[in-house]
Amino acid sequence: LAPELPEFLSRIRELGYDVKLDTNGSRPSVVKNLAAADLINKVAMDIKACPSNYHVLTGVHADLDGIRETAGWLLDGHLDYEFRTTVVRELHSEKDFQEISRWLSGAKAYYLQAYRDSDGVLIPGFSACSEEEMKNYRDILSQTIPVVEIRGMELDLWAEVRMEAVTTVSAAQIRMMRSFTQERQVLMRLQLPSVMPMVIIR
């Protein structure tokens, strides 16, 4: 990280803004020092893969000790945080998320991000997982992590909601609704008014 980062963050904090730090977790001392100085409010830590697959996916000798230390520090509840993985069909498998599920058991929140190919990617030719595959990985992580969501993909929310023969919407289903339009569509199919207080969150 740039040596002038603390001073830069200090100026932002003086303006009254909260700061979220995105990191790969390889420099735990930097994250801890920024938090101790009250320069960051939240950490979003990228989990590239399961520990046993890190070197394959990153193509370098990753500092797993540092990554584990940062993750452990966040798990201990020192700061608001989220873990996230950009999922690539050719690079990830069930094994990754089974191992991550054990490693980060009890984490506050985990986000699976759909890969998007573009002209700007460093290595072209990779592809995104299907909705079915993403939901499978989500379900694996959900065994040990209470909040697991999918980002960057339009999900068939009604397919999940219609499995329930009750006029309630779970908190997980509400969190997956990325817009008022999606929310309204689900409520209409449940024949509920589009007013949030009318929806039972369980």
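Student: What are the ground rules here?
Tutor: Residues are numbered from 1 along each chain as its sequence is written, and side-chain values use heavy atoms, with hydrogens and water left out. As the model is predicted, local features need pLDDT of at least 70 and side-chain atom pairs count only at pLDDT 80 or more, while totals for chains, interfaces and linings use all residues.

Student: How many helices and strands are in the chain?
Tutor: Nine helices and five strands. These are DSSP runs numbered from the N terminus: helices are H or I with at least four residues, strands E with at least two.

Student: And what share of the chain is buried?
Tutor: Buried residues are 43% of the 202. Buried means under 20% relative accessible area, exposed over 50%, and partly exposed in between, with a 1.4 Å probe and protein chains only.

Student: Helix 2 next. Which of its residues are buried?
Tutor: Pro28, Val30, Val31, Leu34 and Ala35, in a helix that covers residues 28-36. They lie on the same side of helix 2, because they cover an arc of only 165° around the axis. The arc is taken from the directions from the helix axis to the C-beta atoms. Asn33 and Ala36, on the other side, are exposed.

Student: What do the buried ones pack against?
Tutor: Helix 1 (5-14), strand 1 (20-23), strand 2 and helix 4 (64-75). Contact here means heavy atoms within 4.5 Å.

Student: How do the axes of helix 2 and helix 4 cross?
Tutor: At roughly 30°, and the axes come within 8 Å. The two helices are therefore roughly parallel to each other; that label is for angles under 35 degrees. Axes are lines fitted to C-alpha atoms over the stretch in contact, with angles from 0 to 180 degrees between N-to-C directions. Helix 2 contributes Pro28, Val31, Lys32 and Ala35 to the contact, and helix 4 contributes Gly66, Glu69, Thr70 and Trp73.

Student: Changing topic: where is Ile47?
Tutor: In the loop between strand 2 (42-46) and helix 3 (54-58).

Student: Buried or exposed?
Tutor: Buried, because the relative accessibility of Ile47 is 1%.

Student: What does Ile47 touch?
Tutor: Not counting residues up to four places away in sequence, Ile47 touches Tyr54, Phe83, Arg84, Thr85, Ile100, Trp103, Leu104 and Tyr110. Ile100 is 53 residues from Ile47 in sequence, but their C-alpha atoms are 8.7 Å apart.

Note on methods: Angles under 35 degrees count as roughly parallel, over 145 as roughly antiparallel, 65 to 115 as roughly perpendicular and the rest as oblique.
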